[in-house]
Amino acid sequence: MCGIVGYVGKRRAAPVLIDGLYELEYRGYDSVGIALSDGKRLKIIKKTGRVQEIEPAREERGNVGIGHTRWATHGGVTERNAHPHAFKNIVLVHNGIIENAAFLKEECLERGETFSSETDSEVIAHLIANVYRGDLLKAVAEGTKRLVGSYALAVMCIEEPDTVVCARMRSPLIAGKGKDGLVVASDVPAAAEEGATLFALSDGEFAKLKGEDLFFYDASLHEISKEPIEFDPVDDVPDLKGYRHYMRKEIDEIPKVLSLSQAKISRNSCFSDFYEVLCQTKYIQIVACGTAYHSGLCAKEAIERICRVPADVYVASEYRYGDPLIPDGTLVIAISQSGETADTLAAVRLAKERGAYIAAVTNVTYSSLTRLADTVLYTKAGREIAVAATKSFNAQLMTLYSIVSALAATLGKEAPSVGGLSAMAESAVITAESVRSWTPHFAGAKSAYFIGRGADRYAAMEGSLKLKEISYLPSEGYAAGELKHGTLALIEKGTPVVAVITRREIADKTMSAIHEVYARGATVFLVTCFPELCKTPEVTASAVIPECPPEYSPILSVIPLQMLAYYTSVARGNNPDKPRNLAKSVTVE
Ligand code: F6R
C-alpha cells in the first residue's frame, strides 16, 4: 500500500512532507523516509517505524522533496528497504507492486548493477536512470513502460533539482497547487491545504511539478488539462476530541453517519437514473473485501428476503480470477470505503469488460472506484482514521438498505423503512458500552467464537474480524448450526462465545447452539433484541439492542461487537487505531 507525498515550492519541504506523511500513515506505517533537494545536493533520510521517527528532519534545508510511509510487500521492515530508493542520479518513492520486478532486477544484475534493498521499487530507479538523457519526464515515461503491476511514483533527479515527476498506474495519485507551492500525494487530505486546487491523475498519466508550474501529460506525453476535484479539507481535520482512540470516537459517530448517509441517498441526483437500472435488474452480484464484503453479505440477506431477487456476494480477489458469469440483467455492486482497494477495482474492471452495469458504494468522492462506476452512491461516514472499519460499515449498510428499498419499489413490494435506524443506533451505542465488562474473558483467552444465523451470522463474522485485527486473538465468525460439524471441537472450558440473535423465528435454534457450546465449557455472551433471552442461565452477560426489522439488524447488532473488539484490544495493551501488519487502504493485490 504505502503513501507517497512530494513538494516543490517556496517553503522548506521537510515540514510539508512530514505533515503529509502523518496524514498518510493509515496506508502503512512500517518505515518512513524523505528525500530533499536544496538545489545543490540531494539528501535521503529514512528510518524504520512511524513518521515521528523522522521528526528531527523538519529542520533540514531544501524546498523540493518527496516522502514515503511504507507497508512492506517486497522485503522486510528494515531501513534499507524503506523509501526513497536511489540509483545513480535518480531518487524515487513508490506505492504499488511491480509484478515483473524479479525479471527486471535479473537484467540489471547481469549488467553489473547493484541493489541496496530487497524491494521491487528499487528496480524502477534503475530503469529510469538507465534511460535518463537530460529529461526526467521522458525518462520516467520510458522507464515505466517496462513495468507490469501498479505504481504511483514521485521521482527526483540530481540534475533537475527544482522538479518532481509523477506517474500513476492503478495506485491513487493527487497533484495540485497550493498558496506557496506544488504538491503531490496519495490522497486528498495529505495534499490539501486551504485554497489548494487539486487534480486526480488517471492511469497512464504523468505530472511534472517544476518551479511554480504544474503540468499534466497523457501516456504519449502530450500535455493535457484536467478538471479540479472537489474536496472539503476544513470539515475533515482529524481531531480526537478528548477520546483516547479514533476507533472509540468513530463508534460513537455511528448514529450521526447513519442519518447523514440516509439523507445523502434521498438527495442523490444519480438515484433517479439508477432507479431505471434497478427496474431492469434480475440478479445482483456484490464484490468487496474485508468489512465491506461483510456489508455485502448483509445486503444479500436483505435483497433476497425483501425483494426476492437473487444476489451473490464475492470476495473481490476471488471474483477477478473466477471467470464470473454475468447474465443479462445483472447489476454489480462494488462496496469500498476507500474506493481504492486494488482487488475490488480489478473485479469491477472485469465485470465492466463483461458488460455489467456497476454501482459503487463508497465513502471517498474522488476515488478510483468512482471513476470506474456507472453510478456512485456515497456513504457519509466522514473520514475514518482508525484502521479497523466501524462507522463506515454501518454507513455502507444504510446505503445498501436504501438500494434494497428502491429495488423493492420497482417490484411493487414494500421494504421496511430505514427511518429510525439512526435513533436506534444511538441507544445501541449506549448499551454497547457495557460490553467493556466482558473484556476480562476475552483479553486472556486463546481464541473466541461469534455465532449467529442468517443476518446475525454476518454480524458475527464482522465482529470476529474486528476482534482479530486489533486484538490479535484467533477468532471465527460462524454459522451457529454449522458449529457441530467440526468447529465445536475447539470449544474448551472458558472459551468465550458470542451469540447474536435478532430474528425471533430462529432464536430457539441459535439458543440450541448456545446450549451445545455451554455444555462443552464455553463462557457465553449474547447480543440480542429480546431481553427475555438474557435470563437464560447459560448466558454470562448480554447486551440488548433495539429491535429493528430483522433484515436490517446487523446495522445495530454489530455495534456491541465493535465495542468488544475495541476494549479487548485496549485491555491487551494494543493500539486499536494502528494494528500491526495492516493498513487502511489496501492498494496492492
Ligand atoms: C477491516 C477493514 C478491511 C477493509 C477492506 C476493504 O476493519 O477495514 O477489512 O474493509 O480492506 O477496504 P475498502 O472498504 O476500503 O475497500
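How many bridges join E5 to strand E6, and in which sense do the two run? In this predicted model, strand E6 (residues 90-95) runs antiparallel to E5 and is joined to E5 by 3 bridges. Within E6, isoleucine 90 is the residue that stands opposite phenylalanine 87.

The pair belongs to an open sheet of 7 strands with antiparallel pairing, ordered E5-E6-E7-E8-E12-E13-E14. Its edges are formed by strand E5 (85-87) and strand E14 (223-224); each has a single partner strand, so one side of each is left without a neighbour in the sheet. Helix H3 (residues 122-131) lies across E5, E6 and strand E7 (151-157), and runs at about 35° to E5. Helix H4 (residues 136-144) lies across E6, E7, strand E8 (163-169), strand E12 (206-210) and strand E13 (213-217), at about 140° to E7.

On the scale of the whole protein, the division is into domain 1 (3-224), domain 2 (249-419) and domain 3 (430-575). The centres of domain 1 and domain 3, taken over C-alpha atoms, are separated by 45 Å.

At 1.5 Å a residue, the 12 residues of H11 (residues 342-353) should span 16 Å, and because the end C-alpha atoms are 16 Å apart, expectation and model agree. The helix is mostly covered, with 9 of its 12 residues buried; among them are Leu345, Val348 and Leu350, together with Asp343 and Thr344. The packing partners of these buried residues of H11 are strand E15 (283-288), helix H10 (316-319), strand E17 (330-336), strand E18 (357-362) and helix H12 (368-372). After H11 comes glycine 355, which has a positive phi near 90°.

Strand E20 (residues 448-452) is likewise mostly covered, as 5 of its 5 residues are buried. In a regular strand, side chains alternate between the two faces of the sheet. Here, Ala448, Phe450 and Gly452 point one way from E20, while Tyr449 and Ile451 point the other way, all of them buried. The pairing of E20 with strand E21 (residues 475-479) is parallel and extends over 5 bridges, and a right-handed β-α-β unit is made by E20, helix H16 (residues 455-471) and E21. Strand E22 (residues 496-501) also runs parallel to E20, joined by 3 bridges. Tyrosine 449 features in both pairings: glutamate 476 stands opposite this tyrosine in E21, and valine 497 is its bridge partner in E22.

Conventions: Residues are numbered from 1 along each chain as its sequence is written. This is a predicted model: local features need pLDDT of at least 70, side-chain atom pairs count only at pLDDT 80 or more; totals for chains, interfaces and linings use all residues. Side-chain values use heavy atoms; hydrogens and water are left out. Helices (H or I, at least four residues) and strands (E, at least two) are DSSP runs, numbered from the N terminus. The expected span of a helix is 1.5 Å times one less than its number of residues. Buried means under 20% relative accessible area, exposed over 50%, partly exposed in between (1.4 Å probe, protein chains only). Contact means heavy atoms within 4.5 Å. Domain bounds come from an automatic or database domain assignment. Two strands pair if DSSP finds at least two bridges between them. Axes are lines fitted to C-alpha atoms, for helices over the stretch in contact, and angles run from 0 to 180 degrees between N-to-C directions. A crossover is right-handed if, with the strands pointing away from the viewer, the path from the first strand over the helix to the second runs clockwise.
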